[in-house]
Each structure stands twice: as structure tokens, then as C-alpha cells.
Amino acid sequence: MAEPKFHLKIDPEICQGTGYCVRISNELFSIEGREAAEVLIPHPSQSYEAEILEASTLCPTRAITY
């Protein structure tokens, strides 16, 4: 049975580029040279669940969905 995956996204219209997500997981998120963060692994494995939940909770604009 395949490991469940997330569908990780950041809404660039509401992301303010605070970088909280990158501080939590620079494997999943990047903000280098951009105004808004971007997702590096759009379909991460279940092993990233804690980082995804923390990043989405700490995002001040709630731009991260999964």
C-alpha cells in the first residue's frame, strides 16, 4: 500500500514572505529571491506531517494548504 501523500500549496496572493515555513522546513519550502514562499516538494510523504502542520499553523496569513 502506498504511503499517503499531501498536496502542499502556498497561495502567492496572500503569502507575505515572512519565512516562518522555511525556518520550520527548508526541505519543503523556499523563499530565496522571492516575495512569496514556494513549495519544493508538492507531494511530501506522511513523514513530513509534523512540519506541514506546524508551518501551516504558524503562517500569519494561512497561505499554506495541504
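Biologist: Which residues is L8 in contact with, leaving aside its neighbours within four places in sequence?

Modeller: This is a predicted model, in which local features need pLDDT of at least 70, side-chain atom pairs count only at pLDDT 80 or more, and totals for chains, interfaces and linings use all residues. Residues are numbered from 1 along each chain as its sequence is written, and side-chain values use heavy atoms, with hydrogens and water left out. Contact means heavy atoms within 4.5 Å. On that basis the partners of L8 are L28, F29, V39, I41, P42, P44, I52, I64, T65 and Y66.

Biologist: Which members of the largest nonpolar core touch the most other members?

Modeller: A nonpolar core is a set of buried Ala, Val, Leu, Ile, Met, Phe, Trp, Tyr and Cys residues joined through side-chain atoms within 4.5 Å; buried means under 20% relative accessible area, exposed over 50%, and partly exposed in between (1.4 Å probe, protein chains only). The largest such core has 17 residues, and those touching the most other members are L8, I10, F29 and I64.

Biologist: How many disulfides are counted?

Modeller: A disulfide requires a pair of cysteine sulfur atoms within 2.5 Å. For C15, the nearest cysteine sulfur, that of C59, is 6.2 Å away. For C21, the nearest is that of C15, 6.3 Å away. The count is zero.

Biologist: Which residue forms a salt bridge with E38?

Modeller: A salt bridge places a side-chain nitrogen of Lys or Arg within 4 Å of a carboxyl oxygen of Asp or Glu, and one is counted. E38 is partly exposed at 28% relative accessible area. The closest N and O atoms are 2.7 Å apart, and the partner is R34.
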